[in-house]
Amino acid sequence: MALRSQSSTRKTYRLARDNVFAGLFAGSVIIGVLVLAWLLIEVFIDSVGWLDWQFLSSYSSRHPDQAGVLAPIAGTFWIIILTALMTVPVGIATAVYLEEFAPNNRVTRLIQLNISNLAGVPSVVYGLLGLAIFVQYLFDGQRSLLAGALTLSLLVMPIVIIASQEAIRAVPPSYRDAAYAMGATRWQVVKMVVLPQAFPSMMSGIILAMSRAIGETAPILVVSSLVFITYVPTSPFDRFTVLPLQIVSWVSQPQDDFRHIAAAAIIILLIMLLSMNAAAIYIRAKFQRRAEY
Amino acid sequence: MALVERGAFRVDHDQLSTDPLDGVQERSNILSLRIDESRLASHRARRHFEESAILWVLRAAALISVLATIGIVAVLVSQSIGFFQEEICVLNEGEPIKPCEPGVNGTLTHVGIVDFLTGTKWSPLFKPYREVGQSFGVLPLVTGTFLVAAVAGVVSLTLGIGAAIFLSEYAPENVRRVIKPILEVLAGIPTVVYGYFALLTLGPALRLVIGDDNLGTFSALSAGLVMGIMIMPMVTTLSEDAMISVPRSLRDAAFALGATRFEVATKVVVPAALSGIVSSFILAVSRAVGETMIVYLAAGGRPILTFNPLEAVQAMTAFIVNVALGDTPHGEIEYYTIFVVGLLLFLITLVMNIAGRWVVQHFRQQYE
């Protein structure tokens with residue numbers, strides 16, 4: 001009798017503990033979600049009344065109510081296009097080489113290990129590389145768009161390579177075998193079978209990598225420094241600023257109004273990221289639907 | 001037919017070796033008894049050339065990522081050598097504090113590697129009294145970095161593993177499908193936005209709770225807390241991957257013995273997935289160590305040696321950005337400092353990343 005009641009309290013305790021911890025574990029997820037909500041609401045409230053056409057169409061200014069984000073938006077588009085032009089071909093080519101051509105030997109494994117290590121290098125270190133090689137050495141002290149884009153290319157290259165590799169790996173080997181059986185050469189198999197099949201999921205990985213490049217601040221800060229720019233860059237050799245840099249410089253200002261335009265600039269940055277992510281998800285979803293047939 | 005095969009097919013047999021399609025074409029040509037041998041040969045030569053040209057282009061592309069690594073190491077090491085070779089003037093013992101002149105009241109010397117790594121005072125930019133005030137002991141930057149990373153580590157470990165257990169052991173599929181994209185959004189927010197949040201939102205909120213006297217505008221605490229939220233999705237995703245790969249049968253066995261979900265999670269799943277969890281934690285802290293914008297904006301710019309998270313500290317990354325933003329002329333010792341600090345940062349994160357992968361590879365439970 002005593003034994004049974006003891007075991008039943010023990011059971012009650014164990015069940016209670018199970019439920020309490022279910023709540024605690026769910027709580028950790030909820031805390032993450034709440035902080036995200038808090039952050040977004042805060043940014044939104046801070047920016048209310050500041051995000052208007054004047055803000056979008058003006059250059060930076062010492063007066064918060066006259067300041068705008070025209071130069072950083074233009075700079076961000078420049079950077080992202082230049083970065084994509086340099087990263088995408090090289091990244092895809094590397095992935096194709098590693099997945100379809102490279103022999104399975106020590107050198108290949110070393111390249112692969114090197115790529116995963118590169119992905120873990122702090123972004124500010126890429127900034128140092130860009131400062132020493134691109135700015136000081138290649139462009140003789142000129143802090144140009146091209147130097148910034150080259151730096152970011154190296155930064156997102158491992159991400160593009162890894163995403164492309166995964167896309168290529170997902171193409172069923174039977175597709176390749178079928179093409180080889182028709183007498184296709186390796187490159188023909190890659191060009192006519194693997195790349196078209198892998199393209200959608202490759203694109204979605206690449207878009208996500210580019211959205212990482214848009215939000216990246218530290219390396220650009222080191223390469224470009226904070227500058228007051230009141231023009232839209234017209235050549236890759238112009239000095240530039242991008243949205244994250246503009247946000248940093250406004251957040252660092254003591255006057256309260258700058259906090260509002262910083263929030264407004266953050267909203268624009270988040271909208272850009274969101275639309276790129278949406279594009280990536282859309283491409284992936286469309287691809288999956290097609291693959292079902 | 002037999003005649004044709006003997007006569008025509010043999011002609012190019014040695015060139016056909018690896019190219020089955022050519023064989024097919026040729027055979028059909030044979031059947032029609034028309035072989036334009038020169039055209040075939042040139043076609044094959046072109047394809048052969050194309051194949052090898054493509055291969056070289058692809059090899060060159062793969063080489064770029066290797067060059068990037070070489071570039072990073074070469075830049076950091078060469079500029080760091082420059083740092084240790086630069087001559088600085090140090091006041092002689094007992095001299096009054098005045099600008100240092102070699103041979104008068106001071107001596108020229110180099111910064112030693114041991115002094116650099118173990119020195120507790122960091123003031124390389126002490127411009128007004130530069131000769132007097134410059135010190136190159138990197139420890140305050142290292143402790144600043146790890147103080148923030150420790151706060152972030154505690155936050156991300158508790159929240160991240162709790163969330164991972166919830167997602168893999170408790171949450172029904174439809175809840176998972178909602179939560180995972182939200183965590184991805186959390187991971188995708190640019191760090192500069194987190195910096196804004198730490199400095200302008202969380203910092204003031206913490207000061208309301210703790211009091212203005214105890215907490216300044218900049219603190220390791222607010223930077224660390226926000227950074228913990230930022231790296232939490234990484235811990236969650238990687239740990240959950242490890243937990244999900246624990247076989248169903250292990251859980252079922254424990255449930256059959258009457259274990260609760262909590263007991264299954266803590267006594268079966270977490271121990272079985274421990275290598276993955278530890279590795280996710282190491283990789284996430286390595287992210288925190290290399291993170292720049294949050295510490296630059298919210299942790300402050302004072303390199304002091306402290307273990308109190310309520311104080312403002314300067315992290316290695318924040319120092320690099322700080323100097324890069326100033327007008328430090330190229331070639332002076334202040335310019336070299338960012339590379340020597342960068343080299344240290346690179347080595348620390350490299351060791352942590354290798355350790356993170358090593359833990360998974362060497363302690364992973366294999367289930368068949």
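How do α15(B) and α16(B) run relative to each other, roughly parallel or roughly antiparallel? What we have here is a predicted model, where local features need pLDDT of at least 70, side-chain atom pairs count only at pLDDT 80 or more, and totals for chains, interfaces and linings use all residues. Residues are numbered from 1 along each chain as its sequence is written, with chains lettered from A and ligands numbered from 1 in the order in which they are written.

Let's start with chain B as a whole. Chain B has 16 helices and two strands; these are DSSP runs numbered from the N terminus, with H or I of at least four residues for helices and E of at least two for strands. Of its 368 residues, 42% count as buried, meaning that 20 or more other C-beta atoms, placed from the backbone, lie within 10 Å of the residue's own.

Now back to our pair. Helix α15 (residues 316-325) of chain B packs against helix α16 (residues 333-363) of chain B at about 155°, and the axes are 9 Å apart. The axes are lines fitted to C-alpha atoms over the stretch in contact, with angles from 0 to 180 degrees between N-to-C directions. So α15(B) and α16(B) are roughly antiparallel, the word for angles over 145 degrees. Their crossing is left-handed, which is to say the near helix is turned anticlockwise from the far one by less than a right angle, with clockwise giving right-handed. On the α15(B) side, the contact includes B:Phe319 and B:Ile320, and on the α16(B) side B:Val341 and B:Leu345 are among the residues. Contact here means C-beta atoms, placed from the backbone, within 7 Å. By class, this contact has nine nonpolar, three polar and one charged residue. Nonpolar covers Ala, Val, Leu, Ile, Met, Phe, Trp, Tyr, Cys and Pro, charged covers Asp, Glu, Lys and Arg, and the others, Gly among them, are polar.

Here's a second pair for you. Helix α9 (residues 191-210) of chain B and helix α10 (residues 220-244) of chain B pack at about 130°, with axes 9 Å apart. That makes α9(B) oblique to α10(B), and their crossing is right-handed.

Finally, the two chains together. Chain A puts 70 residues into the contact and chain B 71. On the chain A side, helix α1 (residues 2-47) of chain A gives the largest share, 18 residues. That side has 49 nonpolar, 15 polar and six charged residues.

Note on methods
Parallel < 35°, antiparallel > 145°, perpendicular 65-115°, else oblique. Contact = placed C-beta atoms within 7 Å. Buried ≥ 20, exposed ≤ 12 C-beta atoms within 10 Å, placed from the backbone.
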